[in-house]
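Visitor: I have a model open on my screen and would like to learn how to read it. Could you take me through it feature by feature?

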Amino acid sequence: MRRRVLLFLLVTSLSVCAQEGLRYRMQLWMHGDSQPLETRFRLQSIVGTRSHNRVQKPRMGGWHLEVDRDQGTPYAQAMLLARAERLLYLAGPAPQTRPEPISLRFGKRSLPVWSLEMPKGVHASTVLVEVSPGLLALCDFSARFERGDVDRVELHLEGLDSTARLAPAEAGTTLLSTLQSLAREAQQEAVSSVTVR
């Protein structure tokens with residue numbers, strides 16, 4: 001009897017864990033390809049580790065991306081997830097973010113929308129949503145690239161399950177540094193094209 005109860009609790013806890021987090025769909029078009037590489041994944045929070053020191057400093061956790069194994073090859077999935085990690089946002093408001101007077105509905109929930117200021121020279125658009133008080137997450141990202149192998153990237157929040165355990169991630173503002181990097185590349189290309197002329 002005790003074994004049955006433990007097994008039931010284990011299965012229940014696993015099913016609850018499987019229903020937590022944010023569900024995303026990513027599409028990536030290479031130059032010259034008409035069909036995109038595509039995958040779906042779930043973003044879940046990882047609890048921050050605690051040190052053995054007497055004075056406990058606040059430590060942020062991370063995030064875990066769980067891919068839908070039914071889509072694409074393992075190589076394509078690994079490549080897409082590596083790119084997705086550089087485009088995600090799971091943190092509080094930043095100086096580049098602004099609240100907007102609109103909301104987006106996901107199922108029964110209505111989430112406030114935040115905009116994100118784009119660096120000069122970056123051909124992208126981004127929408128953030130407030131998934132819990134003071135916690136913003138990426139909702140939509142779309143970008144085009146004139147150079148390199150990648151032509152276009154689309155990343156969309158398709159749904160959210162329980163967000164009770166979601167928390168700001170240590171690398172939660174990775175999207176901001178990625179956009180700054182893209183802006184520097186665009187500036188260097190502009191300078192080099194002027195020099196060539």
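Guide: Let us begin with a term: a salt bridge is a side-chain nitrogen of Lys or Arg within 4 Å of a carboxyl oxygen of Asp or Glu. Side chains of opposite charge can pair when their charged atoms come close. Please keep in mind that this is a predicted model, in which local features need pLDDT of at least 70, side-chain atom pairs count only at pLDDT 80 or more, and totals for chains, interfaces and linings use all residues. Residues are numbered from 1 along each chain as its sequence is written, and side-chain values use heavy atoms, with hydrogens and water left out.

Visitor: How many salt bridges does a search of the whole structure find?

Guide: The search finds 8. One of them joins D161 to R23, with the closest N and O atoms 3.1 Å apart. D161 sits in the loop between β9 (150-160) and α3 (174-196) while R23 belongs to strand β1 (residues 22-30), so this pair ties together parts that are 138 residues apart in sequence. Helices (H or I, at least four residues) and strands (E, at least two) are DSSP runs, numbered from the N terminus.

Visitor: Are D161 and R23 buried or exposed, or in between?

Guide: Buried means under 20% relative accessible area, exposed over 50%, and partly exposed in between (1.4 Å probe, protein chains only). D161 has 24% relative accessibility and therefore counts as partly exposed; R23, at 31%, is partly exposed too.

Visitor: Which residue forms a salt bridge with E154?

Guide: That is R152, with the closest N and O atoms 3.3 Å apart. E154 counts as buried, because its relative accessibility is 11%. Salt bridges that share partners also join R25, E38, R40 and E158 into one network.

Visitor: Now the strands. How do β1 and β2 pair?

Guide: Two strands pair if DSSP finds at least two bridges between them. β1 and β2 are antiparallel and pair over 7 bridges, with M26 standing opposite T39 in β2. The two strands form a hairpin with 6 residues between them, and G32 in the turn has a positive phi of about 90 degrees. β2 also pairs with strand β3 (residues 62-67), in the antiparallel sense over 6 bridges; there, Q44 has H64 in β3 as its bridge partner.

Visitor: Where is R42, and is it buried or exposed?

Guide: R42 is in strand β2 (residues 37-46), and its relative accessible area of 14% makes it buried. A polar atom of the R42 side chain lies 3.4 Å from the backbone oxygen of E20.

Visitor: What about the nonpolar core? Which residues have the most contacts inside the largest one?

Guide: A nonpolar core is a set of buried Ala, Val, Leu, Ile, Met, Phe, Trp, Tyr and Cys residues joined through side-chain atoms within 4.5 Å. The largest has 48 residues, and those with the most contacts inside it are Y24 and F141. Strand β8 (residues 135-144) gives the largest share of this core, 7 residues. Contact means heavy atoms within 4.5 Å. Leaving aside neighbours within four places in sequence, the contacts of F141 include L87, A124, V153, L155, L175 and L179.

Visitor: And the chain as a whole?

Guide: The chain has 3 helices and 9 strands. Of its 197 residues, 36% count as buried.

Definitions and conventions
Polar contact = N/O pair within 3.5 Å; in protein donor to acceptor, adjacent residues only side chain to side chain.
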